[in-house]
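Please read it beside the sequence and the coordinates.

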Amino acid sequence: MDFDPTRVAFIVVSAIAVVSAFRVVTAAKIMHAALWLGLTFLMLAGVFLLMGAEFLAAAQVLIYVGAITTIILFGIMLSEAAEVRGRGAAPLPVRRDDASLFRRIVLPALAVLAFVGVMVVVYSQVSWPDAPAGLGGDTVRMIGRALFTDFIIPFELAAVLLLIALIGAIVIAVRDNGRREQG
Amino acid sequence: MPVDGSLRLILPEIIVAGTGLLALTAGLVSRRSRLPGFVSMLGLAAAAYFLLAEVAGETTQIWSGTVLVDGFSTLFKAVFLGIAALIALVSFDYIERNGLPAGEFHLLVLLATVGMMFMAGSLNLITIYIGLECLALASYALTGMLRGSAKSTEASLKYILIGAISSGVILFGMSLVFGVAGSVHLAEINAALAGGTPMLPVLLAGMVFLVAGLGVKMAAVPFHMWAPDVYHGAPAPVAAFLITASEAAAFAAALRIFLVGLPAIQEHWTTVFVALAVITMTFGNVTAIVQTNMRRMLAYSAVAQAGYVMVGLAVASERAVSAMIYYLIAYAFATIGAFAVVILLGRYHPAEDIADYRGLGRRAPLLALTLTVFMLSFIGIPPTAGFFGKFYLFQSAVAAGMPWLALIMVLNSMVSIPYYWGVVQTMYLREGETDAPLPAPAGVRWTAAIGLAATLILGLFPDQVVQLVSAVQVVPALLSGGL
C-alpha cells in the first residue's frame, strides 16, 4: 500500500476521537468528561474535513465544539455536580467480584470486538465503488440549496424536534418545590 | 418549493402541531385547568376532519418525495389521531391528580403524534428518521414527567439511554443502505437494488441495524429491556400511548422500509423477523405469567402482542399487512380501554397490583365488565376484535406456507390465557377488602366505553373493517409501475 497522508491523518484523527469518546464515559470528574467530549467533537470535524465535507467540518467546530461544549460547561458550573457520582454523596460501592469484572470489562470488550470484527469482515468482503466525482466545489451552496428545496419538510420537522427537546428538557429539569407523592 | 396547493395535503400535521402550541399557551393561562386537554381534543378532531375530507383518497408524492400521501399513510394517521384523542380524554383526571403540567403534557403528545404521522407518511429515510426522533424525544420527556416518582425517573433515564443508542443504530443502518443504494428515498433504493445486490454483506449489515433499531421501538425481544420499566414507571396515559401509538408507528415505518425499500433481500429479513416474532411472543407471554403487578403484566403482554404483529412482518404478504393493521387497531382500542381502568384503580391503589382488582366486579360492575372484554380480546376469544386480529394473522401465515408459525401463535395464545384470565378471576371471584363503589371520572368512563364499543364493533363486523384495511397498499400504486 502506498503511503497516503490522508489515510494516515484519518487514522490518527479517528483514533484520538475514539479514545477521547471512551474517556468521556470513564472520566470521574464531569468537567473532564465535558472537555473530552469537546475534543471528540473537534476530532470528528477533522474526519469530516478529510472526507471533503468542509462545510460540515466548519459547522461541527462552530456548533458542537463552540456552542454545545460551552453550554455543557456552563451547565456544569451552574449546577453543583462536580463529580459524576455527586459531591458529598458516598461513592457507589464497587463490588470487585467476578461478576462485576465480567460485566464491566469482559462483556463490553467482547461486544466491541464482535462489532469491529463483523464490520471489518463486512467491509472487506465487498469491492467499494470509487468515490463519486465532482463532489468538490461549493458544498455550502449545495447544502443550502438541498436544505431549502428538496429537504424543506425534514428541515421544518427538525424545528419541531428542537421544540420538543426544549420543552421536554424544561419539563424534566424545572425546579418543582411543591413536590408530592405521584404515581 | 413549489407552491402548488400541496400544502393542504399536510394540513392535518400542521393543525396538530399548531394545536400543540395552543395547548401549551392554554396551559400557561391556568396551571391546573382542563383547557389544554379540550384544546388538544378539538385540534385533533379538526385534523381528523381535514384528513378524512381533504386528504383521504389522494395518492401523491410531494416536496421532492420527502412526503407521501396515500391510503396507507392516511389510515395510520387516522389511527394516530384517534389514539392521541383517547389519550387526551383519559388523562384529564390523571393530570389533575398528579399535578402534571397540562399544557406541556398535551404539547408533547401532539408533537409526538406529528412525528408519527411523518413516519407513516414518507418514503424518505430522512423524514422517517426525524419523525422517529420527534416521537422518541417526546416519549422520553413524557415518561419522566412524574417527578415525584422514582420509578418514572428511572424509566425515563433507561429509555433515554437505550433510545439514544437505538437511534444511532438506525442511523448507522440507514447510512449503510444509503452507501449501497446511493439514495435516501425508498423507491429509488428499491430501483437501485432491483438489478442485483452487488454489495450484499454491507446491505445485510444495514438491514440488521435497521431491524435492531426499529425492534427497540417495537419492544421486540431481545431489544425490549426498556419496555417493562417504561410501561410500568411512566405516567399511565403515557404508557398506553407508547404501547399503542409508538409501537404502531414503528411497525408502519418498518413496513415501508422493508417492503418498499428492501424487497431485494426479502428472504434475509423474513428469516430475521420470523425468529424475532417467535422469541418475542414466547418470551412476553411466559414472563407475563409470573407478574403480580398489573402494569408490568400489561407491559409483558405488550411485548407478546408485538410478537404477534411481527408475524405479519415476517410473512410480508399483502394479506399479512392488512391483518397487521387490523390487529394494531384492535389492540390499540383494547389497550387504552384497559389502561382507563388501570388509571382509575391507580387512583385508589397506587401500587397497581393485580391483587388490588379483588372485588372489582362488585365495586365497579360496568368497568369490570369492560375490562373483562378487553382481556378476552387480548386472549383472542370471539366475538372480540382480538380474535379476528389473530385469526387474520394466522390465516396469512398459513396462506404464505408458514403453518408452523401460525401454530406457534396459537400455542402462545393458549399460554397467555392464565394471566389474562387471572385478572378476570381476581375481579369476580376473590373478595375485596372493601365493597365501597369506585366512582369513575367522566374521561375514564368515556375512554373505557369507546374502547369497549370499538372492540365489539371490530369483532362483530370484521368484514367491513377488513375491506377498509385491505384497500391499503404499503407499496403505493404510483410506484409499483416503475418510478
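How many helices and how many strands does chain A have? Chain A has six helices and zero strands, where helices (H or I, at least four residues) and strands (E, at least two) are DSSP runs, numbered from the N terminus. This is a predicted model, in which local features need pLDDT of at least 70 and side-chain atom pairs count only at pLDDT 80 or more, while totals for chains, interfaces and linings use all residues. Residues are numbered from 1 along each chain as its sequence is written, chains are lettered from A and ligands numbered from 1 in the order in which they are written, and side-chain values use heavy atoms, with hydrogens and water left out.

**Chain A and the interface**

Along its sequence chain A reads α-α-α-α-α-α. Of its 183 residues, 19% are buried, a class that means under 20% relative accessible area, with exposed over 50% and partly exposed in between (1.4 Å probe, protein chains only). Among the contacts in chain A with a separation of 6 or more, 55% are between residues 24 or more positions apart, a contact being heavy atoms within 4.5 Å.

In the interface, 45 residues of chain B are in contact with 32 residues of chain A. The two chains bury about 3400 Å² between them, 75% of it on carbon and sulfur atoms; buried area is the accessible area (1.4 Å probe) that two parts lose on being put together, summed over both. On the side of chain B that touches chain A, α1, α3, α4, α5 (125-143), α6 (150-181) and α8 (200-218) of chain B each supply at least two residues, and α5(B) gives the largest share, 10 residues. Between chain B and chain A there are zero salt bridges.

T143(B), in helix α5 of chain B, counts as buried at 0% relative accessibility. Not counting residues up to four places away in sequence, T143(B) touches, among others, S152(B), Y159(B) and L242(B).

**Salt bridges**

The structure holds 12 salt bridges over all chains, each a side-chain nitrogen of Lys or Arg within 4 Å of a carboxyl oxygen of Asp or Glu.

| Pair | N to O distance |
|---|---|
| R8(B) and E54(B) | 3.5 Å |
| E58(B) and R8(B) | 2.8 Å |
| E431(B) and R362(B) | 3.2 Å |

E58(B) lies in the loop between α2 and β1 (60-62) of chain B and R8(B) in the segment before α1 of chain B, so the pair ties together parts that are 50 residues apart in sequence. R8(B) is partly exposed at 35% relative accessibility, and E58(B) is partly exposed at 25%.
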